[in-house]
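Please open the model in your viewer and keep the selection panel at hand.

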Amino acid sequence: MNNGFASLQIEDSYVRRLQEMEIVTPSPIQTEAIPVILEGKDVVAQSQTGSGKTLAYTLPLLHKIDKNSKEVQAVVLVPTRELGVQIVQTLEQLTEGSSIRVQSLIGGAAISRQIDRLKLRPQVVVGTPGRVLELLKLRKLSMHYVRYMVVDEVDQVFELGSMHEVEAIFKGMQRERQALFFSATLPEPVQAVIDRWMNEPVFVQVNPEQRTSQTLEHLFFVSEERDKIDTLRRIIRLYNPTAAIVFINETDDVAEVISKLQFAGLSIEALYGDAGKQDRAKVMQSFRSGKFQLLLATDIAARGLDIPHVTHVINLDPPIDADHYVHRVGRTGRMGKKGTAISIITPKERFIINKFSKSLGIIIEEKEMEFGKVINPGERRGGGPRAANRTRVEPVRSVNGEAGGEAPAGSLRENNARTEAPKARTSSLAPKLKAKAAAAKPATIADKRKAERERLKDRKNKGAPRWLKEKQNKPKL
Ligand code: AMP
């Protein structure tokens with residue numbers, strides 16, 4: 001009996017290649033989608049992220065390519081360069097040694113090089129909609145022989161405003177073509193495009209009601225907004241993830257947050273939308289090879305990323321809706337591996353967690369930290385009100401800013417110090433902090449504000465990575 005890829009009519013050469021990649025048993029989305037795609041049907045596939053969607057379309061697609069023809073026959077559209085790179089890598093792994101050529105046509109890279117490489121006659125191209133359309137308009141790419149069009153992470157492609165570009169690309173295609181849409185979520189606008197461009201599509205849904213992987217643990221910590229960075233730092237110290245992705249909502253905030261996090265002593269780099277293509281590629285490569293522990297990203301930058309050693313996803317800002325929660329947490333707990341999703345929320349944001357929990361049918365457990373341990377609410381040994389609800393005193397930084405030494409007054413750590421045994425309170429750090437606090441005490445409110453501004457500026461500048469300093473020094477156009 002064979003219930004592996006061979007039973008799905010996948011050619012032996014690919015089955016062997018998959019075995020080398022330690023991929024033997026098809027995942028549910030692969031079992032469902034591969035036969036329908038091989039049959040030639042238009043397909044809209046929805047399954048949780050990290051469930052093996054890339055192979056679900058790349059494998060049947062490769063079977064359909066005429067290896068003897070030197071025309072572009074398949075186009076895969078992706079929302080981001082990182083996802084594009086990932087898909088090209090998968091395709092190259094599968095086709096290594098064969099006559100199938102794959103080329104990336106991703107925006108941001110030099111178009112002249114892409115034009116040159118198109119002369120090598122790839123049969124499959126993977127690109128962002130804008131760049132693919134640009135090349136079509138320049139007549140450097142022809143859709144004449146394209147029979148297969150995949151849109152991966154279709155909801156994000158549309159969210160990024162590329163719906164018109166996708167439709168313009170559809171217009172340039174032959175009528176006899178197969179269209180495949182893949183995503184973990186399928187919001188309304190996608191449905192309209194499905195109606196316009198697909199021919200009696202088959203909807204493949206694997207466990208649509210189970211939107212996040214069952215191997216994920218969902219947790220949240222409550223923290224005041226101003227203490228979030230410190231809370232994150234302590235979470236990292238306690239969980240010590242192999243690798244984690246930290247999400248924030250606004251691209252504009254990346255520069256500021258990354259400098260704060262680096263200053264807090266975290267091993268973190270940002271996947272920064274405005275950074276050059278080479279910088280982004282370098283960050284991704286270093287993160288993949290474990291050179292740093294945390295990747296700061298926005299929803300857009302991290303969509304679809306498959307980095308197997310990511311053990312934790314941390315929401316420093318809560319995602320804007322349940323769909324975004326699904327995509328974010330899907331960066332871990334992939335293909336049956338364990339993963340932890342942690343949201344750091346303010347007391348006012350509790351309702352958001354309740355909403356996600358209800359709409360996704362998952363339990364998001366509240367946790368707290370005390371004495372260097374993660375505890376459940378109510379297990380606090382020190383007694384007293386929750387740290388997060390306490391009145392905050394001006395923060396005081398330790399001299400070297402080293403992770404363990406930082407103890408902002410009013411933070412969990414400081415509150416613990418106040419509630420724990422007297423021995424802890426007389427630690428050598430306490431008098432130093434008190435003295436520093438006294439010395440730093442500003443005379444008037446205006447002085448105090450000024451001092452705080454100076455302190456933040458100084459802190460930001462000291463901790464800022466080189467590219468950020470350069471960016472800050474550049475005159476604004
Ligand atoms: P994807 O959802 O396509 O991003 O895939 C998630 C991860 O699962 C990738 O690292 C794939 O190499 C891996 N993968 C895909 N299909 C299988 C499978 N059938 N068995 C084991 N791992 C797989």
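A polar contact is a pair of N or O atoms within 3.5 Å. The model is predicted, with local features requiring pLDDT of at least 70 and side-chain atom pairs pLDDT 80 or more, while totals for chains, interfaces and linings use all residues. Residues are numbered from 1 along each chain as its sequence is written, and side-chain values use heavy atoms, without hydrogens and water.

Select Arg334 and the ligand: a polar side-chain atom of Arg334 is 2.6 Å from an oxygen atom of the ligand. Taken alone, the ligand exposes 500 Å², of which the protein buries 80% (Shrake-Rupley method, 1.4 Å probe).

Next, select Gln30, whose polar side-chain atom lies 2.8 Å from a ligand nitrogen atom. At Thr25, a polar backbone atom is 2.7 Å from a nitrogen atom of the ligand.

Conventions. A polar contact is a pair of N or O atoms within 3.5 Å; within protein, one must be able to donate a hydrogen and the other to accept it, and residues adjacent in sequence count only if both atoms are side-chain atoms.
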